[in-house]
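Here is a short briefing to read alongside the model. Please keep the structure open while you go through it.

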Amino acid sequence: MSYKKNGKYFDYISLKPGIITVFIGFLFIGANVFLGLIIMGVGGLLIYLQISGRATDTELDAFAISKLDDMKKRALKKLGVDEEEVNEIEPIAFDGYVYDNDARIKKGKDGLYRSNKYQSVMFFFSSNEVHCYTYDFFLDRDNQRESTDVYFYKDLVSVSTQTEGTEYSVGKGKSSKFDYEYFKLTTTGGNYISCSVKNINDAQRSINGMRTLIKSKKMA
């Protein structure tokens with residue numbers, strides 16, 4: 001899978017120029033068969049170039065997931081902690097496509113929304129702190145970023161899921177809207193860490209486990 005192929009996934013598809021060219025070639029056949037066939041061939045080529053070389057929905061998802069290989073190992077190394085230090089509960093991870101204003105967004109054939117940006121957040125829990133590792137990357141270029149945060153349990157205000165609406169381009173000045181769900185961890189001072197979640201129902205058990213742990217630590 002190449003970044004170029006992933007990038008083309010988000011390109012607007014316009015078959016109109018190719019179809020018009022094919023039609024013009026068909027009209028020319030009556031006067032000049034050879035010229036008409038050439039023009040029709042050019043039209044066919046324009047159509048082929050529009051629809052070929054694009055990643056499929058499944059391929060784009062697989063590429064994103066492949067970038068998360070060894071996530072736990074990389075996170076622990078970046079955080080500078082041993083697994084034995086952060087074993088209050090199992091690590092919790094959320095991941096999903098990013099739908100901010102800079103993202104290229106497309107609705108797939110399966111009805112799901114994808115973008116050229118992806119994010120994964122992993123939380124580790126020690127006796128006194130929550131360690132957070134965030135990994136952001138693009139699917140259409142070699143560009144990625146890692147960051148870490150550490151919070152005391154007493155500084156955590158809420159663990160929640162929220163719904164956000166966003167707008168995306170559907171080509172030639174047209175746009176559409178959709179809603180997506182994301183996880184949000186809010187700290188004192190109004191700071192927060194958030195991550196869109198592909199399937200909020202699957203993530204709910206982990207979210208509830210995090211809430212229970214944080215509540216018990218704050219009451220201790």
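**Lead points**

K154 is exposed, with a relative accessible area of 60%; buried stands for under 20% relative accessible area, exposed for over 50%, and partly exposed for what is in between (1.4 Å probe, protein chains only). Its salt-bridge partner is D155: the side chains of K154 and D155 meet at 3.4 Å, N to O, and D155 is partly exposed at 22%. A salt bridge here is a side-chain nitrogen of Lys or Arg within 4 Å of a carboxyl oxygen of Asp or Glu.

Please note that this is a predicted model, in which local features need pLDDT of at least 70 and side-chain atom pairs count only at pLDDT 80 or more, while totals for chains, interfaces and linings use all residues. Residues are numbered from 1 along each chain as its sequence is written, and side-chain values use heavy atoms, with hydrogens and water left out.

**Salt bridges**

- By the rule above, the count comes to 14 salt bridges.
- Side chains of opposite charge can pair when their charged atoms come close.
- E146 and K78 form a salt bridge at 4.0 Å, N to O. Because E146 lies in strand β6 and K78 in helix α5, this pair ties together parts that are 68 residues apart in sequence. Helices (H or I, at least four residues) and strands (E, at least two) are DSSP runs, numbered from the N terminus.
- Both ends of that pair are partly exposed, E146 with 35% relative accessible area and K78 with 44%.
- D140 pairs with R141, their closest N and O atoms being 3.4 Å apart. D140 counts as buried at 14% relative accessibility, whereas R141 is partly exposed at 37%.
- D140 and R141 also belong to a network of salt bridges that links them with D11 and R104.

**Nonpolar cores**

- The largest nonpolar core has 29 residues, and those with the most contacts inside it are Y97, Y99, Y118, F124, L139 and F178. Such a core is a set of buried Ala, Val, Leu, Ile, Met, Phe, Trp, Tyr and Cys residues joined through side-chain atoms within 4.5 Å.
- Two or more residues of this core come from each of α4 (57-66), α5 (71-79), β4 (117-125), β5 (129-138) and β8 (174-187). The element that gives the most is α5, with 4 residues.
- Another core lies apart from it, with 22 residues that include F94, F123, V159 and V197.
- Which residues does L139 touch, not counting residues up to four places away in sequence? They are Y3, N6, L60, F63, A64, Y97, S115, N116 and Y118; contact means heavy atoms within 4.5 Å.

- M71, A75, L76 and L79 are the buried residues of α5. They cover an arc of only 125° around the axis, so they are on the same side of α5. The arc is that of the directions from the helix axis to the C-beta atoms.
- On the other side of α5, K73 and K77 are exposed.
- The cover over the buried residues of α5 includes β4, β5 and β6 (144-152).
- After α5 comes G80, whose phi is positive, near 75°.

**A nonpolar surface patch**

- I20, I24, F28, F34, L35, I38 and V42 make a nonpolar surface patch of about 610 Å². Patches are made of residues with over 30% relative accessible area and no salt bridge, with like charges joined within 9 Å and nonpolar side chains (Val, Leu, Ile, Met, Phe, Trp, Tyr) within 5 Å. Accessible areas come from the Shrake-Rupley method with a 1.4 Å probe, and for residues only the protein chains shown count as cover.
- The elements that give two or more residues to the patch are α2 (16-28) and α3 (33-51), and the largest share, 4 residues, comes from α3.
- I20 has its place in helix α2 and counts as partly exposed at 40% relative accessibility.

**Two further positions**

- G165 lies in strand β7 (residues 156-171) and is partly exposed at 47%. G165 touches F178 and D179, not counting residues up to four places away in sequence.
- S216 is found in helix α6 (residues 200-219) and is partly exposed at 38%.
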